Amino acid sequence: MNRALFLDRDGTLIKDAHYLKDPKKLEIIPSAGSALQKAKNAGFLLFMHTNQSGIARGYYDWTDVSACNQRMNHEFGWTEDFFTEVCIAPESPEEKIIYRKPSPRFELEMIKKYELEPSQCWVVGDKWIDPQTGISAGMRGALVRTGKPMDDEIKELARRSHVPIYLDLCEFVSKELLF
């Protein structure tokens, strides 16, 4: 059975920018690159799962999201196939949810497709919906402090749900993946 990391994009890999459309405005979180390379070198499959409701809302389109993802890969020095698979969820919160987190549909499909061992997989992001998605798929979840601020309610929810909170992906990888 394989093990994997499912990563949020905005606030986890890149700085959170409200409805990012212009790839020139994208700013990476530098420590994320080396952390994920270490995880990949250790045999973890890497997936990116990102909510992009700006598509449904008409703020930008699929081409804009693709351009931002390409810029992110370039800035990190990653090849286009760095992630095993990428899920871009275009639904707005008001629409029927298919892939939009906290739906675990993408994670469940990847478990089956790649014969993942859920207990050896993590969903990591800066908002509660990220670990919530992982927990719903039988995976572990973690939060990082590189994006949205966390209030006391989220911290308590994380504590009760056994979801660790880390400064960034580098700290997560070094403490949870034993590097």
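His162 is exposed in this predicted model, with a relative accessible area of 69%; because exposed means over 50%, the value is beyond the cut-off. His162 is found in the loop between helix H5 (residues 152-160) and strand S6 (residues 165-166). Its backbone has a phi near 60 degrees, a positive value in a residue other than glycine.

Tyr19 also has a positive phi, of about 50 degrees, although it is not a glycine. This tyrosine is placed in the loop between S1 and H1. In a search of the whole structure, 11 aromatic pairs are found. In one of them, the ring centres of Tyr19 and Tyr59 are 4.6 Å apart and the planes meet at 75 degrees, so the pair is edge-to-face. Tyr19 comes from the loop between S1 and helix H1 (30-41), whereas Tyr59 belongs to the loop between strand S2 (45-51) and helix H2 (62-76), so the contact ties together parts that are 40 residues apart in sequence. Tyr19 is partly exposed, with a relative accessible area of 26%. Tyr59 is partly exposed as well, at 43%.

Phe82 and Phe83 form an aromatic pair that is likewise edge-to-face, with 5.4 Å from centre to centre and 90 degrees between the planes. Both Phe82 and Phe83 are buried. Elsewhere, ring pairs link Phe6, Phe47, Phe106 and Tyr114 into a cluster.

The strands can be followed from S1. Strand S1 (residues 2-7) runs parallel to strand S4 (residues 116-125), and 5 bridges join the two. Within this pairing, Leu7 stands opposite Val124 in S4. S4 also pairs with strand S5 (residues 140-144), again in the parallel sense, over 4 bridges.

A cis peptide bond joins Lys101 and Pro102, with omega at about 25 degrees. Pro102 lies in the loop between strand S3 (85-89) and helix H3 (105-114).

Note on methods:
Residues are numbered from 1 along each chain as its sequence is written. This is a predicted model: local features need pLDDT of at least 70, side-chain atom pairs count only at pLDDT 80 or more; totals for chains, interfaces and linings use all residues. Side-chain values use heavy atoms; hydrogens and water are left out. Two strands pair if DSSP finds at least two bridges between them. Rings of Phe, Tyr and Trp (its six-membered ring) pair if their centres lie within 6.5 Å; planes under 30 degrees apart count as stacked, over 60 as edge-to-face and the rest as tilted. Buried means under 20% relative accessible area, exposed over 50%, partly exposed in between (1.4 Å probe, protein chains only).
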